[in-house]
Amino acid sequence: MLRWLAICPILPLLCAASPSEDRLRSAAAQSVALIQRTSTGFHKSQDCFSCHGYELPAIALRMARERGVPVDEAAAHAVAVKGMTRFMSSIDRAVLNPEIGDFGTVGDQLVGLKAAGVQPNLLTAIYARQAARSQDPAGYWATLDTRPPSSYSYFRVTAVELDALHEYAPSEMREDVAERTARAKRWLLTAMARNTEDLTFRLIGLARAGATTAERSSAVRELMAGQRADGGWSQMPYLQSDAYSTGEALVALHEAGEIPASDARWAKGLAFLLSNQKDDGSWHVATRMVSPASVSPPYFETGFPYGKDQVISTEATCWASMAVMAALPKAARPASPNPLPELMPKDEAPWMRTALFGTEEQLKAALDASLDPNVRTAAGTTLLMMAAPDTAKMRMLIARGADVKAKSKAGVTALMAAAAFRGSADGVRLLLSKGAEASPGPGVQYNASPLFMAVLARDPDNVAILRRAGADSNRKIVMFGLIPQSPLFAAVGFGDTTVLQALIDAGANLEETDSDGMNALHGAALSGHPEAARLLMKAGISPNRPDKFGYTPLMYAASVDFGTPDMVLALIQGGADPSVTTKDGSTALADATRYGIPHLQAALSAARKAK
């Protein structure tokens, strides 16, 4: 007894009484209200989907309804309409979607719809088909987004895509989804997780993949092992515990790991959160976006505190509030969100589902029954575009007179629709052989092209096929309708060396720089892709070329804490000079020291000694 009394002052979290239900409800209600105000504030000036402005808040609101925590349903409805209308605006957009900049974000948007209560429909089925076909053969889904902690982990993208597929893939895709789920589960069980984000979403992903309790046990143990003495989890091993990582870990352990809120270790994490919540209901977490690189739009005020830390702090508050709510009993009669008729498909016709998801026999029967092979929507999306990339169905339509050169009002063609799917080389060859144009010319919305779609699909075969057919390997698309980007820079973001090599072989401009004077090697360093960096240096890009800030790729590598020393080693082996300084006289080692990234400090110190 005396020994435990002596320990209590040192470990107050373990000795404190469990929080009352009233305490938990008060903490959750305060946070949910702030989250809603912030989400509303974000959408006062934005009409696009946002992970921190819409998706995570929507998921937090869903849990609030389940636990009887008050939700302003009118505000939630307005945010859902504002944030998701572009995504759900039309069948044409879903099929052709020249604005999309990263197929890895499709799952996020579908999960956001699920949280808002949107039922499966033709639009969500079309997006689920696109999400499914962007899976890597190894089993994971990728993203070119590199904004830690919430937008870079392939574990996270994989878990989200699985969730989206299981919610929205149509019955016609049942066997395909089962195969993709099995492939994803194998990857999740064997891939190396490097930090709390990876560990969290490996566990969530395994649950989404239907893994048994025994199969998830190792993931539970590894995530639990990251808990600190203070009860919290940290984003990276060398960082302090914070609400973002603690919240997501607790939610994953409870929802996917079957750890009850009564578990002493779980309760200790909850105590950490409650003791660190601010009076306004928020949790403050510092940003890890420390370099001057323009890898994220500049922040703007949304009504959430903490200035430049508000994005990660908003996400942290979402996760932390969900962890708090997980400790509450579920409501006997959970509230339901307001219906969203604004997000339902419009002008749906039977021939669309036949083209998109029907069999070859079903399409033949429809054509025999007088379906026009050149039928199109009011916006010009044709039957052939919807059938892409199914080679058999496209061949049948072309034989019946379908126009392979037809363009939608947005300037999109069947070739562009086919190239957006990984593994569609047979369909791409078929369309080209029948006269489809590899170069779509001017007038395409967002300047999209078949070759750029092939890059986003991470399909080196289609990149090579289209280049041989005359496609411009340097034609830039306006990603998300906002950011001009070349195929080369997009491929670097993914770190896919097969696609990157195909573009280099196709004559991609290695001298290209963006508005900040960054070249593709800078991008590889910021994305944490050492093999892509090696390939670019081998192709002739100098590792010592500075951008307009005076930063070389090595200096940016010194700021990417989610990466590994492999990037530093790759750049130095390629000739990077660690003694080069920025305009303010700082070296890569000095920056890694200033940012407090020990594994990069060690690698750069070793490189300096070797020099």
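**Exercise 1. Determine which residues Thr124 touches, leaving out those up to four places away in sequence.**

Solution. With contact taken as heavy atoms within 4.5 Å, Thr124 touches Met88, Leu110, Leu113, Gln119 and Tyr168. The model is a predicted one, in which local features need pLDDT of at least 70 and side-chain atom pairs count only at pLDDT 80 or more, while totals for chains, interfaces and linings use all residues. Residues are numbered from 1 along each chain as its sequence is written, and side-chain values use heavy atoms, with hydrogens and water left out.

Finally, Thr124 and Gln109 are 15 residues apart in sequence, and their C-alpha atoms are 9.7 Å apart in space.

**Exercise 2. Describe the lining of the largest cavity by element and by class.**

Solution. A cavity is a set of points, on a 1 Å grid over the protein atoms alone, where a 1.4 Å probe fits but cannot get out, and its lining residues have an atom within 4 Å of a point. The structure holds 5 cavities of 30 Å³ or more, and about 170 Å³ of space lies in the largest. This cavity is lined by 18 residues, of which Leu61, Arg65, Ala76, His77 and Ala80 are the closest to its centre.

Sorted by element, two or more lining residues come from each of helix H3 (21–45), helix H4 (51–67) and helix H5 (73–84), and H5 has the largest share with 6 residues. Sorted by class, there are 12 nonpolar, 4 polar and 2 charged residues, given that Ala, Val, Leu, Ile, Met, Phe, Trp, Tyr, Cys and Pro count as nonpolar, Asp, Glu, Lys and Arg as charged, and the others, Gly among them, as polar.

**Exercise 3. Classify the ring pair Phe87 and Tyr127, and explain which parts of the chain the pair ties together.**

Solution. Rings of Phe, Tyr and Trp (its six-membered ring) pair if their centres lie within 6.5 Å, and planes under 30 degrees apart count as stacked, over 60 as edge-to-face and the rest as tilted. A search of the whole structure finds 9 aromatic pairs. For Phe87 and Tyr127 the centres are 3.8 Å apart and the planes lie at 15°, so the pair is stacked. Because Phe87 lies in the loop between H5 and H6 and Tyr127 in helix H8, the pair ties together parts that are 40 residues apart in sequence. Phe87 is buried at 2% relative accessibility, and Tyr127 is buried at 1%.

For comparison, Phe304 and Tyr306 form an edge-to-face pair, 6.0 Å centre to centre with 65° between the planes; Phe304 is buried at 2%, whereas Tyr306 is partly exposed at 24%.

Terms used: On a 1 Å grid over the protein atoms alone, a cavity is a set of points where a 1.4 Å probe fits but cannot get out, and a pocket is an open set with protein on both sides within 12 Å along at least five of seven lines; lining residues have an atom within 4 Å of a point. Grid points are joined across faces, edges and corners, and a volume is the space filled by probe spheres set on the points. Helices (H or I, at least four residues) and strands (E, at least two) are DSSP runs, numbered from the N terminus. Buried means under 20% relative accessible area, exposed over 50%, partly exposed in between (1.4 Å probe, protein chains only).
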